[in-house]
Amino acid sequence: MAEPLQMAGSKIKVNRIGLQKTDYRGNLTTLCQGCGHNSISNQIIAACYEANILPEDVVKFSGIGCSSKSPSYFLSRSFGFNSLHGRMPSVATGALFGNKYLHGIGVSGDGDTTNIGMGQFKHVIRRNVPLVYIIENNGVYGLTKGQFSATAEVGLNLKYQGVNSYMPIDIPKEALIAGASFIARSFAGDPKQVKELLKAALSHRGIAILDIISPCVTFNNSDEAYHSYAWGREHEVAIHDLSYVPPSEEITVDYAEGEFKEVTLHDGSKILLKKLEREYDPTSRVDAMRVLEESDNSESLLTGLIYIDPDRPDLIEQHNLVDEPLNRLNESDLRPAADTIDMINNLMF
Amino acid sequence: MSEKIVNDFSITIGTVNGSGSQTANNTILRSLFKMGIPVSGKNIFPSNIQGLSTWYTIRVNKDGFTARRDAHEIVICMNSNSFSQDLANVLPGGAFFYTDSIKLDITRDDIEVYRLPVKDIMREQKDVPKQLKDLVANMVYVGVLAQSIGIDLEQIRTALDYHFKGKQKPIDLNFKVIEKSVEWAKGNLEKTDPYFVKPMNKNDGLIMTDGNTAAAIGSIYGGVQFMGWYPITPGSSLAEGIIEYLPILRKREDGKHTYAVIQAEDELAAIGMAIGAGFSGLRAMTATSGPGLSLMTEFAGLAYYAEVPVVIWDVQRVGPSTGLPTRTSQGDLTFTHYIGHGDTEQIILLPGNANECFEFGWRAFDIAENLQSPVFVLSDLDLGMNQWMAKPFEYPNEPMDRGKVLWEEDLEKLNGDWGRYRDVDNDGIPYRTVPGNKHPASAYFLRGTGHDENGNLTEDSATWTRMLDRIKKKYYKAVEFIPAPIIEKKKGAKIGIIAMGSTELAVREARHQLETEANIKSDSMRIRGIPFAEDVPKFIESHEQNYVFEMNRDGQLYQLLLGEYPHLADHLISEAFNDGLPATAQWILDSILIKEKI
Ligand SMILES: Cc1ncc(C[n+]2csc(CCOP(=O)(O)OP(=O)(O)O)c2C)c(N)n1
Ligand code: SF4
Ligand SMILES: [Mg+2]
């Protein structure tokens with residue numbers, strides 16, 4: 001693939017690393033028209049472009065499902081691994097050791113994460129794997145044609161399934177209990193928020209769980225369904241207005257004193273959280289649990305950055321790796337010297 | 001006393017699991033080893049932490065035949081629960097030692113019986129802390145046995161020194177009890193059985209180790225960079241060996257690590273992590289046992305079809321299901337060979353001794369990376385967890401083979417024109433890139449779904465077939481990497497014995513017995529990997545009868561040979577048996593004698 005041409009006087013827009021937005025494109029989507037997953041793919045493209053991330057510095061991961069197909073619809077210049085149903089977290093965990101400077105973006109579905117993949121979801125969180133973990137949450141299995149997933153609300157009525165009577169799994173709550181260092185919820189119908197959250201997540205060192213309500217227009221989009229566009233539009237309550245300020249950039253927005261909160265991330269970037277209706281401190285686990293519980297009771301779709309701990313060491317840091325990417329080490333780094341063999345034999349009886 | 005029997009008998013020690021007898025048993029084993037006598041030790045233990053009966057069998061044999069035997073000339077019983085069984089197990093004319101705390105009747109008069117004054121000796125040991133009394137009490141049988149059969153006390157001290165890593169206090173504590181027991185035996189034990197040991201020099205230059213430790217160290221010499229694992233007997237100690245030796249062997253001045261080991265949440269995650277790391281260009285592995293391997297099935301198929309290098313050690317135990325979790329078996333062969341749904345055929349290495357565990361430890365990575373494929377190594381509990389005499393480990397005699405990996409400058413030369421699954425060299429092996437490569441054409445999207453030569457998704461039938469056929473081509477290419485079978489010939493041999501893995505010593509002994517006791521000469525072939533090397537069909541063809549010995553019920557190696565060489569079916573006879581115990585020469589001998597009608 002050729003480098004973008006920067007012709008004199010041309011109006012081609014490039015970001016700070018000289019790439020056009022098209023450099024972040026993927027293959028044409030094969031998902032249904034109007035599927036929430038497509039809109040999230042577009043925001044991933046926009047976020048990486050705006051955050052000046054080199055596509056070669058990203059590795060994409062996914063499980064299995066309509067959602068998990070979507071990594072081929074963005075960032076064609078990034079490596080990707082479309083793995084097994086429910087097992088994306090383990091693959092990402094191992095792969096990210098290959099080169100510790102890479103950004104991991106994982107895309108999963110609600111079925112992929114909360115049904116078959118609940119175990120790996122919990123463990124990737126407790127290890128604080130440096131991964132932007134997006135759950136494109138539509139309350140159903142899209143790819144297998146409309147069965148209930150574990151995030152479906154009680155009372156949801158689906159065409160071939162009947163009425164769901166089981167309690168739904170709440171992804172941010174599960175993430176919080178597992179000890180996630182970054183938890184957000186958003187809505188595919190609120191692209192601006194999705195994009196800002198993605199940029200913040202990409203700057204976070206550690207696991208960033210993004211539960212994004214992403215309507216399945218084919219199997220679960222009736223107005224009264226909690227994962228539909230209509231319900232989301234009517235019930236979305238953002239806890240704050242959120243914007244991401246890249247590392248070395250000045251804060252240009254003008255907020256009155258006390259109106260906003262600022263969180264500084266590992267790489268020096270900042271998240272600005274403008275107060276809306278209520279006071280909210282996303283660094284408190286207790287507050288996080290409280291707002292999630294309240295939003296359940298008020299039947300609203302609470303969105304925004306629910307919890308963040310920017311300082312927790314991530315999995316790779318915990319392992320104290322050499323500076324050189326592990327996958328560029330060679331025999332002299334990896335095979336113990338010949339004179340060690342006597343020492344080892346002497347350690348045997 | 002009848003004529004002395006020197007350096008040719010088996011000792012079995014029955015104890016209660018969790019009573020700390022391992023230290024005592026290892027001390028006996030190691031001191032015999034240091035006396036230069038060929039020796040083996042096998043732990044026959046229950047799946048239990050404390051309380052159930054457990055046995056340890058030691059065999060000394062001056063001719064180097066140290067496979068397990070069913071017969072026990074000397075039995076030591078420290079466990080009232082196994083008393084009657086232990087008593088019944090002594091060969092007529094053999095010796096029976098039992099702790100004085102057992103108040104049961106001796107119901108045999110065809111053996112020599114000795115009481116071990118455990119209580120009396122321990123009562124005198126005022127300086128042994130109370131909580132250690134039971135552990136140290138095992139040293140009484142070490143001392144009495146040493147005096148009775150003639151184990152060198154200096155070597156016992158050496159063994160204790162090794163066990164306690166030179167820590168003087170526990171060494172002295174234990175050694176004192178041994179000395180007291182020796183003294184007691186000198187004064188009170190009248191030797192009436194014929195069994196003795198005498199120093200030899202047969203073990204010069206040899207070491208003692210277990211297969212899992214050897215495999216772990218071998219893997220480190222293979223440059224392992226990532227290990228994902230989940231605890232399971234008998235696979236655990238392989239992973240734990242890697243954890244123990246990595247910091248020693250891959251120490252750097254800056255204190256930083258060139259590797260990561262992660263204990264996963266289950267085997268799905270363990271292999272998932274390893275495959276992720278393999279995709280990322282790391283030398284990645286996992287170690288497990290049957291139940292864990294079952295969980296790895298779907299991932300094994302993915303790695304096979306998406307062509308991700310990864311090394312999987314399966315230290316086999318008895319299945320199906322939880323089976324006999326602490327007993328040995330060769331029952332995972334066909335499962336491993338075909339693991340993954342659809343058209344899969346996996347590459348397998350079959351180490352037969354500790355040295356091969358070491359060698360296959362490093363070699364497996366070369367094969368996996370060269371062929372961009374999972375490589376399975378099938379060891380077993382006997383090989384993996386018991387102590388074996390071995391030659392010193394040998395430094396790898398070949399440089400690392402990282403396979404066909406394209407980096408930035410390679411892609412530059414190709415003008416970025418490459419495809420992940422193109423068969424450029426017509427050997428079935430494509431080129432690959434790994435994440436972190438900065439060339440804008442380096443990336444590809446790995447998937448288990450149908451893909452074409454460029455890694456693009458397709459459900460085209462012809463492409464599917466073409467891709468699968470290419471992978472098969474690669475599989476046949478693996479023959480070049482699979483260690484050749486070990487073939488031992490005897491002039492005038494009519495029959496062939498085919499085996500794999502840890503039955504090596506039993507086969508060797510049985511061949512000797514066949515020749516000396518029944519005048520049947522035999523050749524043997526120990527298969528060391530799948531796909532089968534070229535010598536395998538040649539060997540089969542050159543004998544009218546080939547007995548295929550293996551530790552499972554249905555003859556899995558036999559089935560695979562039959563499938564590969566249907567035209568040689570007439571030459572193959574299946575001898576499959578598994579009761580969870582390491583194979584004996586007697587089994588092989590009897591099986592052949594019946595068929596050869598003698
Ligand atoms: C082991 C396994 N079991 C079942 C399936 C079939 N399957 C494919 S996608 C899917 C559900 C996907 O649902 P979700 O993760 O919510 O993704 P969506 O399609 O809704 O985006 C299932 C059950 C599979 N691929 N693998
Ligand atoms: S079935 Fe649903 S989830 Fe799948 S692509 Fe269509 S709209 Fe999206
Ligand atoms: Mg879904």
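Ligand 2 is surrounded by Leu31(A), Cys32(A), Cys35(A), His37(A), Cys66(A), Asn138(A), Cys216(A), Val217(A), Thr218(A) and Phe219(A). A residue counts as near a molecule if one of its heavy atoms lies within 4 Å of it. The shell around ligand 2 divides into seven nonpolar residues, three polar and no charged. In this scheme Ala, Val, Leu, Ile, Met, Phe, Trp, Tyr, Cys and Pro are nonpolar; Asp, Glu, Lys and Arg are charged; the others, Gly among them, are polar.

The model is predicted: local features need pLDDT of at least 70, side-chain atom pairs count only at pLDDT 80 or more, and totals for chains, interfaces and linings use all residues. Residues are numbered from 1 along each chain as its sequence is written, chains are lettered from A and ligands numbered from 1 in the order in which they are written, and side-chain values use heavy atoms, with hydrogens and water left out.

Ligand 1 lies between chains A and B. It is surrounded by 18 residues, the closest being Cys66(A), Ser67(A), Asp110(A), Gly111(A) and Asp112(A). The shell around ligand 1 holds six nonpolar, nine polar and three charged residues.

| Residue | Protein atom | Ligand 1 atom | Distance |
|---|---|---|---|
| His37(A) | polar side-chain atom | oxygen | 2.9 Å |
| Asn138(A) | polar side-chain atom | oxygen | 3.1 Å |
| Leu143(A) | backbone N or O atom | oxygen | 3.0 Å |

On its own, ligand 1 has 590 Å² of accessible area, and the protein covers 78% of it. Such areas come from the Shrake-Rupley method with a 1.4 Å probe. Helix H2 (66-69), helix H4 (110-115) and strand E5 (140-141) of chain A are the elements that give two or more residues to the shell around ligand 1. H4(A) gives the most, with three residues. Helices (H or I, at least four residues) and strands (E, at least two) are DSSP runs, numbered from the N terminus.

Lys145(A) sits in the loop between E5 and strand E6 (147-148) of chain A. Lys145(A) has a positive phi of about 80°, although it is not a glycine.

Chain B has cis peptide bonds. One joins Gly319(B) and Pro320(B), with omega about 15°. Pro320(B) is in the loop between strand E13 (310-318) and strand E14 (324-328) of chain B. Another joins Ile530(B) and Pro531(B), with omega about 10°. Pro531(B) lies in the loop between strand E22 (529-530) and helix H19 (535-541) of chain B.

Helix packing comes next. Axes are lines fitted to C-alpha atoms, for helices over the stretch in contact, and angles run from 0 to 180 degrees between N-to-C directions. Helix H3 (residues 88-95) of chain A packs on helix H10 (residues 267-279) of chain B at about 45°, with axes 6 Å apart. H3(A) is therefore oblique to H10(B). Angles under 35 degrees count as roughly parallel, over 145 as roughly antiparallel, 65 to 115 as roughly perpendicular and the rest as oblique. H3(A) passes H10(B) in a right-handed crossing. A crossing is right-handed if the near helix is turned clockwise from the far one by less than a right angle, and left-handed if anticlockwise.

Within chain B, helix H5 (residues 139-150) and helix H7 (residues 168-188) pack at about 45°, their axes 7 Å apart. H5(B) is therefore oblique to H7(B), and H5(B) passes H7(B) in a right-handed crossing.

Notes: A polar contact is a pair of N or O atoms within 3.5 Å; within protein, one must be able to donate a hydrogen and the other to accept it, and residues adjacent in sequence count only if both atoms are side-chain atoms.
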